[in-house]
Every structure is written in C-alpha cells, then in structure tokens.
Amino acid sequence: MNSSGSGSENGTFFEDAKFGQFYNGTAFNGTGFNGTGNGTASGAAEETVKLVATSVYTPFVYGAVLLVSLVFFARWYRGEQIKQLQELGSIFDEHDARDLYYELQATEKVHEKVLKAALLNRGAESVRRSFKMKELAPQVESLYKSGSVGEEYWKRFQTELKLIELEFKECLMEAEQLQPGWAQLYVALCQEICFNQAMQRRYHSILDRKNVCIEEWELNIDDTGRLKQ
C-alpha cells in the first residue's frame with residue numbers, strides 16, 4: 001500500500017517537475033513566448049502604412065458638386081410639376097395678354113415701352129384672375145364638401161390657383177429684368193389697370209344692355225339719348 005502510494009506520488013512529482021521545467025523554460029528562458037512575441041512585434045514594425053496625400057480643396061469640390069446637383073434636380077423636378085399642372089384644363093379662356101407679350105418679346109426691334117405696356121396688361125390679367133378665384137373660392141369649396149362638385153373640378157380649381165400665382169411671379173421677374181427696381185411699382189400699376197379695365201367693362205355692359213332694351217321695347221331715341229315723342 002505504501003509502495004504503491006509512494007510510487008504514484010513520485011510519478012506525479014516527476015510529471016510536475018517536467019511541467020515546471022517546460023513552463024520555466026518557456027516563460028522565463030525566452031525559448032517560447034518571448035521568442036514568438038518578439039517575432040510578431042518585429043513583423044508589425046516592418047509593415048508600413050502608405051498614406052495618400054489629398055488636397056485641402058477636395059471637401060470643397062465635393063460639396064460644390066453636390067450642391068450643383070441638388071440645384072439642377074430641384075429645377076428639373078419643379079419643371080415637371082409645372083408641366084403636369086399645365087396639362088390640366090384651365091377654368092378661364094385663353095391668356096391673350098400673355099400670348100401677346102411673348103409674341104412681342106420674340107419680335108426684333110421692339111421698343112421697351114411697348115414691352116412694358118404688354119407686360120402691364122399681362123400682369124393686370126393675372127390680378128383679375130386672382131381676384132376672381134378668391135371670390136369664387138368659398139362657393140366652390142362649399143359645393144365640393146356637399147358633393148355637388150367632383151374631385152376633378154376641385155383639382156382643376158386648386159391647380160388654377162397655383163398657376164395664377166406662378167404666372168404673376170413670372171411677371172415680376174420679367175419686370176425686374178426690363179428695369180431693375182420696377183417690380184415694387186409694378187404690382188400697384190397692375191392693380192390700378194385691373195380696376196380701370198373692370199370699370200370699362202361695366203360701362204360697356206351698360207351700353208350693351210341699353211341697346212338690347214331699345215330693340216326689345218322698340219323705343220325711338222335721338223342722338224342725345226332721349227325718347228322721341
């Protein structure tokens with residue numbers, strides 16, 4: 001019993017002694033871990049990182065390219081939206097004042113005052129349409145909510161409001177190009193012309209009604225506008 005116990009203890013001690021020698025040799029004598037660690041450190045030291053030199057203006061160039069791309073995309077998108085809106089039918093008749101201005105603008109050797117007069121007439125027509133749409137807006141909205149007006153007509157009405165606003169903004173830009181600083185006075189002139197044209201239309205409508213009444217009632221009126229006895 002003692003001999004077997006002492007033998008096992010001696011064997012265990014011998015193995016521990018061998019492991020101790022191996023551990024000591026590896027850890028402290030430099031044949032194991034120290035050798036491997038030195039090889040890795042020397043390999044990392046030998047590897048060099050290559051740096052590529054870049055200009056200081058590179059971020060600015062990148063930002064400029066991005067900004068220009070966004071501007072062009074915004075213009076293209078806005079043009080597509082306007083084109084889709086213009087494809088819908090207009091509530092009003094043809095815009096004769098705008099067509100006349102474009103025709104004069106395309107003509108060579110046109111006096112500046114003629115272009116200004118045509119542009120004022122175009123702006124006055126835009127103001128008249130804007131007032132008319134604002135006047136009709138409550139009635140159209142009430143009809144739409146009650147179901148008397150369909151979705152298509154309501155969409156056309158909303159589109160017409162946006163187109164009139166864009167039309168007047170374009171008139172302001174044209175006025176600024178013709179004469180810098182004229183856009184501030186241009187709005188007041190367009191409103192005044194619009195009111196004068198409204199009074200003129202009202203006066204002509206009274207004369208037309210007068211002629212209709214004379215024909216229907218078979219009245220005899222002299223040149224002064226009085227009834228003949």
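**Nonpolar residues, outside and inside**

Modeller: Phe60 lies in helix α3, residues 58-87 (a helix is a DSSP run of H or I, at least four residues, numbered from the N terminus). The model is predicted, so local features need pLDDT of at least 70 and side-chain atom pairs pLDDT 80 or more, while totals for chains, interfaces and linings use all residues. Residues are numbered from 1 along each chain, and side-chain values use heavy atoms, without hydrogens or water.

Phe60 counts as exposed because its relative accessibility is 60% (exposed means over 50%, buried under 20%, with a 1.4 Å probe and protein chains only).

In the largest nonpolar core, of 14 residues, Leu119, Trp182 and Tyr186 touch the most other members (a core joins buried Ala, Val, Leu, Ile, Met, Phe, Trp, Tyr and Cys through side-chain atoms within 4.5 Å). At least two residues of this core come from each of α5, α6 and α7. Helix α5 gives the largest share, 6 residues. Leaving aside residues up to four places away in sequence, Leu119 touches Tyr101, Cys171, Glu174, Ala175, Leu178, Trp182 and Tyr186 (contact means heavy atoms within 4.5 Å).

Tyr186 is buried in α7, as are Ala183, Cys190 and Cys194. The cover over the buried residues of α7 includes α5 (112-146) and α6 (151-178).
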